[in-house]
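Please read the following briefing alongside the sequence and the coordinates. It moves from the whole chain to its strands and then to the ligand.

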Amino acid sequence: MSRPQGLRAANDVSAPNDLEPFWMPFTANRAFKARPRMVARSKGMFYYTPEGKPVMDGSAGLWCCNAGHNRDPIVAAIQKQAAELDFAPTFQFAHPAAFQAASRIADLAPGDLDHVFFANSGSEADDTALKIALAYWNVTGQGQRTRMIGRERGYHGVGFGGISVGGIVNNRKFFGSLLAGVDHLPHTYNRSEQAFSRGEPDWGAHLADDLERIVALHDASTIAAVIVEPMAGSTGALPPPKGYLKRLRELCDRFGILLIFDEVITGFGRTGFAFAAERYGVVPDMIAFAKGVTSGTVPMSGVIVRKGIYDAFMKGPDHAIEFFHGYTYSAHPLACAAAVATLDVYRDEGLFERARSLEDVWADAMFSVKGLPNVLDIRTLGLVGAVDLASRPDAVGQRGFEAMDRAFHEHGLMFRATGDTLALSPPLIVTEDQIGEIADKLGKVIRAVA
Ligand SMILES: Cc1ncc(COP(=O)(O)O)c(C=O)c1O
């Protein structure tokens, strides 16, 4: 097999000369290696290719860099921490920044969500939340509550727990043999009822009532938790129907089922609030977070739990470990320093409020591509936008892939393509002019792939 060569000398890490050894995640490896979309540097709203060409970041990296790139206070905090304390175990020992980060994150969460368990990725956060739910029922004398309820089109990462409750067919098709003890709510998207809604669609709150059917089938006493993304992100940015999440909360309360919000994407300002839970006035029992907590700079994730859940574990002999779970890098010093500095930037620059105030400008910009060839639907929420394009006959995903590739190479814009859906979620520092530029480039790309 030929080994595609990169662009510069072997010792230039910004442009490697051998693209083959890296098996890229969630990537069409052969297509990438034939025509790489490589970035070597970043600042503010931009990436830069190894040749120095700017690429506007229309996706906050991978929905993470909410504060923009290479922000000085965050970079400085990470550098300082690295020079001071490189690593410290958080099993039976700890370091001050871990407690500081937990307090700051808990302060942002609604209601009595006030304890934070740290992990490193969204997938780990989701698996941790599911394990807390199982263990919670064990320690409170209802160990028969083991069933998890997810939702079609849900994405909860790639761990076995996450793919079990997730509703992404490829995850289930390739790795599904271990999945058991789960059921799924219907997804909330219906194009004929909701097409071209701005924000939360009017239609669909009743879909939460399907939980009653699931309870009637399995009995509430066997169900541990319901897990949903407030806005399904990875399967095309599907804002929740008006009233849907409130209804789900009411039903979970009625049946004594824990409600977990996966806010890996919606957390840290993406919907104009610290968490989508706040936007919807719904207090879940747990919030899984990741990505924006450090603006993507150092891997960090976690689960925020309600006081009653934490308290339920705090019994038994003093020397005994109350919850048998954790990761070597839970609350890594660099991640904690990055988180605290990032939350300072969000607060000092009012970035969550900024996202909220730009919501209409952003929605107008996204809707400017309505009427262009193949545009079947446009959805917006906070600083999220998604455009569904019609698939090419017998080539589902090809038009979306080509749009993403052309946007990068020909128009200097980065966004995500999920099948034939184009998903945009710029850093929250985006200006009105830049929003206009993103929409302009998006329109050009959509015309180019007609
Ligand atoms: C809602 C949601 N949950 C979990 C994950 C998984 O996160 P990670 O890739 O950090 O494991 C993602 C990633 O995009 C996500 O969007």
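How many helices and strands does the chain have? The chain has 16 helices and 15 strands, where helices (H or I, at least four residues) and strands (E, at least two) are DSSP runs numbered from the N terminus. With a radius of gyration of 22 Å, close to the 22 Å that the globule rule gives for 450 residues, the chain is as compact as a globular protein of that length; the radius is taken over C-alpha atoms, and the rule is 2.2 Å times the number of residues to the power 0.38. This is a predicted model, in which local features need pLDDT of at least 70 and side-chain atom pairs count only at pLDDT 80 or more, while totals for chains, interfaces and linings use all residues. Residues are numbered from 1 along each chain as its sequence is written.

**Whole chain**
- The C-alpha trace of the chain spans about 60 × 55 × 50 Å along its principal axes.
- Buried residues make up 49% of the 450 residues, a residue being buried if 20 or more other C-beta atoms, placed from the backbone, lie within 10 Å of its own, exposed if 12 or fewer do, and partly exposed in between.
- Among contacts between residues at least 6 apart in sequence, 72% join residues at least 24 apart, with a contact meaning that the C-beta atoms, placed from the backbone, lie within 7 Å.

**The four-stranded sheet**
- An open sheet of 4 strands has the order E1-E2-E3-E13 with mixed pairing, where two strands pair if DSSP finds at least two bridges between them.
- Its edge strands are E1 (41-43) and E13 (413-414), each of which pairs on one side only.
- Strand E1 pairs with strand E2 (residues 46-48) in the antiparallel sense over 3 bridges, and Lys43 stands opposite Phe46 in E2.

**Strand E5 and its partners**
- Strand E5 (residues 147-151) is mostly covered, with 4 of its 5 residues buried.
- Strand E5 runs parallel to strand E7 (residues 223-228), joined by 3 bridges, and Arg147 stands opposite Ile223 in E7.
- Strand E5 also runs parallel to strand E6 (residues 182-185), joined by 4 bridges, and Val182 in E6 is the bridge partner of Met148.

**Ligand surroundings**
- The ligand is surrounded by 14 residues, of which the closest are Ser121, Gly122, Ser123, Gly157 and Val264; a residue is near if its C-beta atom, placed from the backbone, lies within 6 Å.
- Helix H5 (residues 122-139) gives the largest share of this shell, 3 residues.
- By class, the shell has 4 nonpolar, 7 polar and 3 charged residues, where Ala, Val, Leu, Ile, Met, Phe, Trp, Tyr, Cys and Pro count as nonpolar, Asp, Glu, Lys and Arg as charged, and the others, Gly among them, as polar.

Methods
Two residues are in contact if their C-beta atoms, placed from the backbone, lie within 7 Å.
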